[in-house]
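Work through the exercises below with the sequence and the model open. Each task is followed by a stepwise solution.

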Amino acid sequence: MPLSSTFFLRPGRAKLGYRLPRVLHVGAMLFLAGAAHAQAPTVATVSPKRNDNSAPRATNVAVSFSQALSNNASTQQALKVFSQQAGGRKAGTATIGGNTITFDPSTDFKAGETVSATITSAAQSSSGQNLAQPQVFQFTTATAPALGSFVTGNPIATRATLGSVALGDLDSDGDLDFVTSAGSLRLNNGDGSFSTGTELLTGAFDVALGDVDGDGDLDVVSAVRATNSTVTIRLNNGNATFANPTTVGVGVAAYQVALGDIDGDGDLDMLVGISTGVNVRLNDGTGNFSVGTDVAAGTIQYVIRLGDLDNDGDLDYVTQTGAWLNNGKGVFSRGQVIPSSGYLGLGDVDDDGDLDLVLTPNNNDLSVLLNNGSASFSAGQVIPNAGIAPTIALGDVDGDGDLDFLATSLGTQLVNLRLNNGSGTFSAAQDVTGYAPSDILNLPLGDLDGNGTLDFVTGYSNQNTVNVHLNQ
């Protein structure tokens, strides 16, 4: 029986039977309008733009939404900004105006570093609705104009450096220090020369820096290649002294470690390249990591590069076997297969807003693969005779706003610089010579002497040294 007919059972009240449906109709419209108004907000724009190659070092980070924001503590704290080289999770001031939250870091970013920002689901609209889906985006800061002509300093004695070197401000004094995967920590004097330093770890194959406990400094995370190996975590006290190490067992040999917010909750999680694929570990925000889940790849993962390959607001990753896409919660599915000998660079080389690849196939050539924006890569420039399994680093070496690359072949005495014309086509090689045979598995770039240009370091296990190469 229709609801209005119940009123017709009562004499003298027939008119109410006609009014009630109208009242319900109006109420339903108001309810639906209220429900529409209360829809969860979404991210409209971010600044700097995603994958920007030349954001100002003194830039603010801003996120605009589809609705006006609540100016409450939860929303003010929802935007987390992580510097890879200076300050870890950045301290600063967040302000809310209308539908935009703006974060002003208390210290500037370093030249040419990659910055990661997360807007977590704690952000609320003025109607009290939380952000529907957290968003993670990255950008790279600008460098000063330079010729890409390098001067090499005196070799710096270290332990054997077979593996990798990481650059970052470990003692919070404003310049970039370095640590090797073997555990040699050397502090920068501010001009690209380094102190004697200390020894932290032994036996690691790869090392990464990141603020895993969210206290505003860079911690040291190392992957140990051994049977039933571990990842070792040393939490920084802020002055390059460290707490006792903690270990995360991965069960098999660990070759690579990468840090990034893969589940969008505002802290740095960990991906570990292992002998059978990638081990995924989620951070609880204090540097404690969950029991891992393995993403099987069937082969050793020597290199992991994190970035938003399909432009959907979360961090995917690419290895020498292909692309792996994130569902936003740190669960990955197989994307395009990209066979490579094991070394690759990830960055927006054609300046169209998505992340491209520079990689080594199973021959002496380098290949540029251009992204169509949805993690589908097509062939770009092929650079022949680049050497066997070159290590690749992308960065704006000449300060013109696009990503150039440096590459070194294992067992040679050459580092090749190739400059980008802005559209992903690279010049003939400019050889940076005078180096001993390099056994290092990365070419870390950073402004070591504070002049705004990108310098780099190389390491030599057979000589137990690291060399610093300053860009003039």
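Two strands count as paired if DSSP finds at least two bridges between them. The model used here is predicted.

**Exercise 1. Describe the hairpin of strand 4 and strand 5.**

Step 1. Take the ranges: strand 4 covers residues 92-97 and strand 5 covers residues 100-105.
Step 2. Check the pairing. The two strands run antiparallel, joined over six bridges.
Step 3. Thr93 stands opposite Asp104, and Ala94 stands opposite Phe103.
Step 4. Look at the turn. Two residues lie between the strands, and Gly98 has a positive phi near 65°.

**Exercise 2. Trace the largest nonpolar core.**

Step 1. The core holds 20 residues; Val61, Val63, Phe65, Leu79, Val81, Ile101 and Ile119 touch the most other members.
Step 2. Assign the core to elements. Strand 2 (61-65), strand 3 (79-83), strand 5, strand 6 (114-119) and strand 7 (135-140) each give two or more residues.
Step 3. Zoom in on Val61. Beyond its neighbours within four places in sequence, its contacts include Leu79, Val81, Ile101, Phe103, Phe137 and Phe139. Ser47 and Pro48 are also among the contacts of Val61.
Step 4. Look elsewhere. Another core, of 15 residues, lies apart from this one, and includes Val212, Val221, Ala254 and Ile274.

Terms used. Residues are numbered from 1 along each chain as its sequence is written. This is a predicted model: local features need pLDDT of at least 70, side-chain atom pairs count only at pLDDT 80 or more; totals for chains, interfaces and linings use all residues. Side-chain values use heavy atoms; hydrogens and water are left out. Helices (H or I, at least four residues) and strands (E, at least two) are DSSP runs, numbered from the N terminus. A nonpolar core is a set of buried Ala, Val, Leu, Ile, Met, Phe, Trp, Tyr and Cys residues joined through side-chain atoms within 4.5 Å. Buried means under 20% relative accessible area, exposed over 50%, partly exposed in between (1.4 Å probe, protein chains only). Contact means heavy atoms within 4.5 Å.
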